[in-house]
Amino acid sequence: MNDKIVMPIWTFGLFIVVMNTTMFNVSIPSIIHDLHISADLGSWIISSYSLGYALSTVIYSRLSDIISIRRLLTVGLLILGLSSIFGVFAADFQTLLIARILQSAGAGAMAGLGLVLASRYIPIERRGRAIAMISAGSAMAFGLGPIVGGLISEYFGWNGLFAVTCCVLVVLPLLLRLLPKDSQPQTASFDIWGAALTIVHTVTLLTAVTQQSFVWLALSILSFILHAWHLKRKKETFINLDLLKKTDYRKLLIVGFCILVLNLGNLFLMPLVLASLFAKSAMTIGLMIAPGAIFSAIMTRFVGKWIDRYGNLRFLLIGHVVLTAVLLFFSILLSYSPTVILIGYLFFSPAFSATMASLNNEASRILPRTQIGSGMGLLQLIQFFGGSISVAVCGLLLEHQKNRPPVEAFRHVYELLFLVSFCSVLMLLWYRKTSSLESLPINQTP
């Protein structure tokens, strides 16, 4: 496989998929107004896609152990592209919600299979820059999504946002022509009940948090009990228990959870800070976030080479230190000027991309080839779940502090994110101390 051609095309496809997560945010007020729905219903346009995206990511990754990447990619992108065409013509809330859920069912193919593809077919000495490219594409999509969403919504209406995602139908034939033909898939069965219970866990737990409902929490606990019983009965399970027996892998899961807590929490808070404290419009907010995302993309080629040369753990630590410093910077200087957000995100976005690339590369290094699909899929599920929990908790904390001055409320939430980042640094130092010598840079001998 010529990864110098395949990975940029794959990153472009992933860029479209991830941007589809964020560009709808700025259109929610228009959707609520046009469809005459409540804000609670409007929020499902975002949350349904994010939740489905996270779950489909791990499902595609898990299926890649038994089904070829080419076949899974074809199914995923066809679902995403056709549901996007369907969404262009959505005229009521039910149709719009169905289109978003169907989109999420296909979108996970790009995120889930991208890391599996890099881990299987790109040599370890070049894998870091490939994974860094994927991470930078995601970071840039997070930053540019609000700008693209604002422009399209203003001139073409919110239905026009679906037209952007239709571009994956152009990417699909290119990738099918360039991707290697997979070897004979392993003989194995797919744990449908385990996958279903995993979906139930995620939905019920997130709903319990967002709705602050003990009923949903009880349902979530019940689903965990049923899943534990299921895991004892079945040998080949959707959640590979052998992965969780690896101490190093468990530590990386915790670090991955924390990283997405920081990123999506910050992306949720920055627009609110700029709008609430400095009365910035949606378009201006997008333009202030974009430089950090663009700078992150520019740094990709250097970060990937540095990871391959100096090793994953060094850049995991450097990225964590920068993230922690920026969060501390925000919590102290938040109210001074909107320039604080612009400058802070110039450092935050590339640090996040470098951290994610290093983390995913390190995970692919410690996983045996037979567990790469399930291992990388579970890692991404935990990451996305951390991001979803982060947004929900940040929103709840702001709501509980609505009687406080906005500056004080935002500062308290950023202080919490700083604490999470600090704990993640401690976990990473523990991992570095106890991990094997194989974590050293490529070609370096102890």
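This short talk walks through the nonpolar core, the aromatic rings and one serine of the structure above.

Before anything else, please keep in mind that this is a predicted model, in which local features need pLDDT of at least 70 and side-chain atom pairs count only at pLDDT 80 or more, while totals for chains, interfaces and linings use all residues. Residues are numbered from 1 along each chain as its sequence is written, and side-chain values use heavy atoms, with hydrogens and water left out.

Let me start with the core. A nonpolar core is a set of buried Ala, Val, Leu, Ile, Met, Phe, Trp, Tyr and Cys residues joined through side-chain atoms within 4.5 Å, where buried means under 20% relative accessible area, exposed means over 50%, and partly exposed lies in between, using a 1.4 Å probe and protein chains only. The largest such core here has 131 residues, and those with the most contacts inside it are Tyr53, Leu73, Leu175 and Tyr414. Helix H12, residues 247–278, gives the most to this core, with 15 residues; helices (H or I, at least four residues) are DSSP runs, numbered from the N terminus.

If we take tyrosine 53 and leave aside its neighbours within four places in sequence, its contacts (heavy atoms within 4.5 Å) include Leu14, Val17, Ser104 and Phe384.

Now to the rings. Rings of Phe, Tyr and Trp (its six-membered ring) pair if their centres lie within 6.5 Å, and planes under 30 degrees apart count as stacked, over 60 as edge-to-face and the rest as tilted. The structure holds 3 aromatic pairs. Phenylalanine 329 and phenylalanine 330 have ring centres 6.2 Å apart and planes at 35°, so this pair is tilted. Which of these two is buried, and which is partly exposed? Phenylalanine 330, at 0% relative accessibility, is buried, whereas phenylalanine 329, at 28%, counts as partly exposed.

Tyrosine 345 and phenylalanine 348, by contrast, form a stacked pair, with 6.1 Å from centre to centre and 20° between the planes. Both of these residues lie in helix H16, residues 338–366, 3 residues apart, which is about one turn of the helix, and both are buried. Ring pairs also link Phe329, Phe330 and Tyr414 into a cluster.

Finally, consider serine 83, which is found in helix H4, residues 69–88, and is buried, with a relative accessible area of 4%. Not counting residues up to four places away in sequence, serine 83 touches Ala99, Leu102 and Gln103.

Methods:
Helices (H or I, at least four residues) and strands (E, at least two) are DSSP runs, numbered from the N terminus.
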